[in-house]
Amino acid sequence: MTTGTAATSPRRERVRQATVEEIKAVARAQMAAEGTAGVTLRAIAREMGMTAPALYRYFGSRDELVTALVVDAYDALADAMEAAVEAVPAGRHAARLRAAFEAFRAWGLEHPTEYALIFGSPIPGYVAPETTRPAGVRYTGLLVRLLAEAHGAGALDPARVEVRVPAGLRRQVEGFRRRLDRADLPVPVLAFGLGAWARVHGLVTLEVFGHLAPAIGDGAALFEQEL
């Protein structure tokens, strides 16, 4: 026979999770209105009709809430990019990389608040803990994996990839390669990939933060040129 406590535990957990998601939604709305540094638990509690002590049962501090939002944002970005890549048949290396970058831009434009949270100005007093790292490296890990697949299949044009890598940059890229544990990626290939990532990331950041619009309006054509 199921006890009353056991029967109601799943329901209580659903209610708790719904409250957590509502707190996150209100926090994102605050960020959209006040900037990423504008989140306060007291303001969220007022918005939700809760007392501050009651809200602290869900998140022990502002930083704990921000960390949850950071992880959610990174995971949502990676989910979008991975889904776009999976929709392209294996072996179509250029198309798969294009799909990843296009999904990166689309997600940023559709979620400017979350994009600002993970790629914008640091929130004063907040230092992201190590627990955000697994989510944070998912999207870059996908890009490295696509680069390695293309290189392994011989799909990269050596004349385009064998870029000159100055000694200082070579040392940095070699260190990065060791941290990635990707001895299969030659330094020039990895340097090429880093450059491509930086160009796309920078361009999307300019567009999401509204810096391209005064010059050219919609940034789609320039983004297509960079791809």
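In this predicted model, Thr 36 is found in the loop that links α1 (4-34) to α2 (41-48). Its relative accessibility is 17%, so Thr 36 counts as buried, the cut-off being under 20%. Beyond residues up to four places away in sequence, Thr 36 touches Met 31, Thr 113, Ala 116, Leu 117, Ser 121 and Ile 123.

The chain has a mean pLDDT of 90, and 94% of its residues reach 70 or more. Helix α9 (residues 158-161) has the lowest confidence in the chain, with a mean of 68, whereas α4 has the highest, at 97.

The interior can now be taken up. In soluble globular proteins, nonpolar side chains tend to be buried together. Here the largest nonpolar core comprises 46 residues, and the members that touch the most others are Ile 44, Leu 65, Met 81 and Tyr 139. Two or more residues of this core come from each of α1, α2, α4 (62-86), α5 (93-110), α6 (112-119), α8 (138-152) and α11 (187-208). The greatest contribution is that of α4, which supplies 11 residues. Apart from this core lies another, of 10 residues, which includes Val 173, Leu 185, Val 189 and Leu 190.

When residues up to four places away in sequence are not counted, Leu 65 touches Ile 23, Lys 24, Ala 27, Val 39, Leu 41, Ile 44 and Phe 59.

The packing of α4 against α8 comes next. The axes of α4 and α8 are 8 Å apart and meet at an angle of about 25 degrees. Because angles under 35 degrees count as roughly parallel, the two helices, α4 and α8, are described as roughly parallel to each other. On the α4 side, the contact is made by Tyr 74, Asp 75, Leu 77, Ala 78, Asp 79, Met 81, Glu 82 and Val 85; on the α8 side, it is made by Arg 138, Tyr 139, Leu 142, Leu 143 and Leu 146. By class, the contact of α4 with α8 contains 9 nonpolar and 4 charged residues, with no polar ones.

Ala 99 is buried, its relative accessible area being 11%. Leaving aside neighbours within four places in sequence, Ala 99 is in contact with Ala 84, Val 85 and Val 88. Between Ala 99 and Val 189, the separation is 90 residues in sequence and 20 Å in space, C-alpha to C-alpha.

Definitions and conventions: Residues numbered from 1 in each chain as written. Predicted model: local features only at pLDDT ≥ 70, side-chain atom pairs only at ≥ 80, totals over all residues. Heavy atoms only, no water. Helix = DSSP H or I, 4+ residues; strand = E, 2+ residues; numbered from the N terminus. Buried < 20%, exposed > 50% of the residue type's maximum accessible area, 1.4 Å probe, protein only. Contact = heavy atoms within 4.5 Å. Core = buried A, V, L, I, M, F, W, Y, C linked by side-chain atoms within 4.5 Å. pLDDT = per-residue confidence, 0-100. Axes fitted to C-alpha atoms, helices over the stretch in contact; angles between N-to-C directions. Parallel < 35°, antiparallel > 145°, perpendicular 65-115°, else oblique. Nonpolar A, V, L, I, M, F, W, Y, C, P; charged D, E, K, R; others polar.
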